[in-house]
Amino acid sequence: KNEVEQSPQNLTAQEGEFITINCSYSVGISALHWLQQHPGGGIVSLFMLSSGKKKHGRLIATINIQEKHSSLHITASHPRDSAVYICAAETSGSRLTFGEGTQLTVNP
Amino acid sequence: NAGVMQNPRHLVRRRGQEARLRCSPMKGHSHVYWYRQLPEEGLKFMVYLQKENIIDESGMPKERFSAEFPKEGPSILRIQQVVRGDSAAYFCASSTLGHRANYGYTFGSGTRLTVV
């Protein structure tokens, strides 16, 4: 079993839909990261969470430390949101352990 | 302020050659991390360096791979005697402790290594 599990692996949505991507982890963490990998391969850091909730534009990330679970939500999804979304657990020593990623496709 | 710069973007090597991948961190960042993404797989941690020090190399293969982050110049990931299984995208990220606390890591665009 992977230390960081994401679901779903693939997600197709229509423009405007509310999207949720889930992440569960089994290791002790100092922080939980959400990353976005574009079709060209570049990686962008979206959020770094250690508790509660963060919001940036149409993106919202939440974490429940007791349940070892985090979610990434996208409101009013748009085709330009199409990308791979990756959850990563930061353990002691700044090491990141990554989930397998969720391929999101938003159709117009 | 340029972000994390990796070069080359694409690198083709024949089996048995050496590959050198370079990473220039964001200005002021003293922490560098290397990750590998094999085809159809997720990212995997390789090594964490600070200037002139290897902090954690637990993700590095035991042979043929080495990394350095000298006092001056970029961080280098070196792969000797490359094999086809080394074909992957190699990403570098940088941070400072304070930067990471607020913004997380800043990633480069990666180097796509193809071994033929």
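The contact, defined by heavy atoms within 4.5 Å, takes 22 residues from chain B and 17 residues from chain A. This is a predicted model, in which local features need pLDDT of at least 70 and side-chain atom pairs count only at pLDDT 80 or more, while totals for chains, interfaces and linings use all residues. Residues are numbered from 1 along each chain as its sequence is written, chains are lettered from A in the order in which they are written, and side-chain values use heavy atoms, with hydrogens and water left out.

The area buried between chain B and chain A is about 1600 Å², with carbon and sulfur atoms giving 53% of it; buried area is the accessible area (1.4 Å probe) that two parts lose on being put together, summed over both. Of the area that chain B buries against chain A, Leu43(B), Tyr105(B) and Phe107(B) supply 34%, more than any other three residues. Between the chains there are zero salt bridges, a salt bridge being a side-chain nitrogen of Lys or Arg within 4 Å of a carboxyl oxygen of Asp or Glu.

Two disulfides, pairs of cysteine sulfur atoms within 2.5 Å, are found over all chains. In chain A, Cys23(A) and Cys87(A) form a disulfide with their sulfur atoms 1.8 Å apart, and the link is left-handed, with -55° about the S-S bond. In chain B, a disulfide joins Cys23(B) to Cys92(B), with an S to S distance of 1.8 Å, and this link is likewise left-handed, at -50°.
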